[in-house]
Amino acid sequence: MADTKIKKRFVAGAKCPKCKAMDSIMLYKLNGVETVECTECDYTEQQADEQVANKATGNVIGVFKP
Ligand SMILES: [Zn+2]
């Protein structure tokens, strides 16, 4: 596997909902899916691109209103 090619970035100020560790949450794309991972425990969460896109564009749509 090309693990080194995956760009992982820490989420500043994020708190793990499982082990409560601060600044241990990493965010990266795995097979096109936004994945959240804790470095302190085995907590992971995945969000489909569509869900992320909907959240991301939710506020932007209002800009184009007349
Ligand atoms: Zn954790």
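This is a predicted model: local features need pLDDT of at least 70, side-chain atom pairs count only at pLDDT 80 or more; totals for chains, interfaces and linings use all residues.
Residues are numbered from 1 along each chain as its sequence is written, and side-chain values use heavy atoms, with hydrogens and water left out.

**Where E40 sits**

I placed E40 in the loop between β3 (33-38) and β4 (44-47). Strands (E, at least two residues) and helices (H or I, at least four) are DSSP runs numbered from the N terminus. I then asked: is E40 buried or exposed? E40 is exposed, with a relative accessible area of 57%. My cut-offs were under 20% relative accessible area for buried, over 50% for exposed and partly exposed in between, using a 1.4 Å probe and protein chains only. I also looked up K20, 20 residues from E40 along the chain, and the C-alpha atoms of the two are separated by 9.2 Å.

**The zinc ion**

Next I checked which protein atoms hold the zinc ion: the donors are C16 (SG), C19 (SG), C38 (SG) and C41 (SG), lying 2.3 Å from the ion. Donors are N, O and S atoms within 2.8 Å of the metal (3.2 Å for Na, K and Ca), and water is not among the atoms, so sites may look incomplete. I read the donor spacing in sequence as C-x2-C-x18-C-x2-C. C19 lies in the loop between β1 (9-10) and β2 and C38 in strand β3, so this pair ties together parts 19 residues apart in sequence. I saw that C19 is partly exposed at 32% relative accessible area, whereas C38 is buried at 3%.

**The largest pocket**

I moved on to the largest pocket, with about 200 Å³ of space. A pocket is an open set of points on a 1 Å grid over the protein atoms alone, where a 1.4 Å probe fits, with protein on both sides within 12 Å along at least five of seven lines; lining residues have an atom within 4 Å of a point. The volume is the space filled by probe spheres set on the points, which are joined across faces, edges and corners. Of the 12 lining residues, V11, I25, L27, V36 and Q47 are the closest to the centre. I found that β2 (25-30), β3 and β4 each supply at least two lining residues.

**The whole chain**

Finally, I counted 1 helix and 4 strands, following the pattern β-β-β-β-α along the sequence.
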